[in-house]
Amino acid sequence: MALLGITGVVACSEPPSLESQLTDITSRHSAATVAVAVRDHGVNVDILSDRPFHAASTMKVPVMIEAWRRARSGSLNLSMPLIIKNEFRSIVDSSMYHIEDDTDDAIYERLGETMTVTELIYQMITVSSNLATNLLIDYLGADAIQQTVDSLGAPGMRVLRGVEDLKAFDLGLSNETTAAALARLMEVIMLGQAVDPTADRSMVDVMLDAAFNEMIPAGLPDGVRVAHKTGQITRIHHDAAIVYPPDAEPYVLVILIEGLEDDVLSATLGADIARTVHTSLRSGS
């Protein structure tokens, strides 16, 4: 753009777009592949948003949605108890395997006891309990979860199995997602369209209690609430969020990162992206 003044032409450069700002941030980390999806009430920002990534624990979001959908239909009582066990069948050959690595130690003290579906959902989302996740997937069925994902318009999310099925992993049979698919799921929850406004509000309340806040929440100002689900395994670090500024409309931000060995570095990169997105969309909020 150029403005004609009294003494001639004065050049005025346009501010860089949000996409170019994000590309600049991600280009500083040559080892990383980074996808970003922003959904802000009709305004979309997409960087590699259709590129598939290992879903890690972000696939727990559609498990939660499926449970609440069953509850709405009357086919599931969220207060129903499930027996806590640590044995699951591989999708490869139905052989038994056990959860060996988890972020929820407390649930293992309850083996042989019961927990309600609501309690298992809370542990699955807030502390990313792998055991709770597999118990829910065993009950709900991966095929049914995938059908719900597809019905919500997020086919880039592929839910094949529970976590830690190493035989399946070795054959490349893993849960996958794209940033666009996760953004779609978070967007319909934000809009009250995943199940219904009451159920979706309940899901938001659970995600607001997430325990791992080193990525998207770390990049946002004080007072901004974040309903989100992280996913993290070796060289994989994701965060999918509904961001609630105190005096403005919420928006969806999904960040998927692959390739960085250092978890602190990937968290810092994600926080930088979140800070840049928020400043661009909600400056002053």
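Which residues are buried in α4?

1. Basis. This is a predicted model, in which local features need pLDDT of at least 70 and side-chain atom pairs count only at pLDDT 80 or more, while totals for chains, interfaces and linings use all residues. Residues are numbered from 1 along each chain as its sequence is written, and side-chain values use heavy atoms, with hydrogens and water left out.

2. Helix α4. The buried residues of α4 are Asn-130, Leu-131, Ala-132, Thr-133, Asn-134, Leu-135, Leu-136, Ile-137 and Leu-140 (buried: under 20% relative accessible area, 1.4 Å probe, protein chains only; helices: DSSP runs of H or I, at least four residues, and strands: E, at least two, numbered from the N terminus). Because 9 of the 11 residues of α4 (residues 130-140) are buried, the helix is largely enclosed by the rest of the structure.

3. Ends of α4. At its start, a side-chain oxygen of Ser-129 comes to within 3.1 Å of the backbone nitrogen of Ala-132.

4. Largest pocket. Its space is about 670 Å³ (pocket: on a 1 Å grid over the protein atoms alone, an open set of points where a 1.4 Å probe fits, with protein on both sides within 12 Å along at least five of seven lines; lining residues have an atom within 4 Å of a point; volume: the space filled by probe spheres set on the points, which are joined across faces, edges and corners). Of its 25 lining residues, Ser-57, Asp-101, Asn-130, Gln-232 and Ile-233 lie nearest the centre. β11 gives the most to this lining, with 5 residues.

Notes. Buried < 20%, exposed > 50% of the residue type's maximum accessible area, 1.4 Å probe, protein only. Polar contact = N/O pair within 3.5 Å; in protein donor to acceptor, adjacent residues only side chain to side chain.
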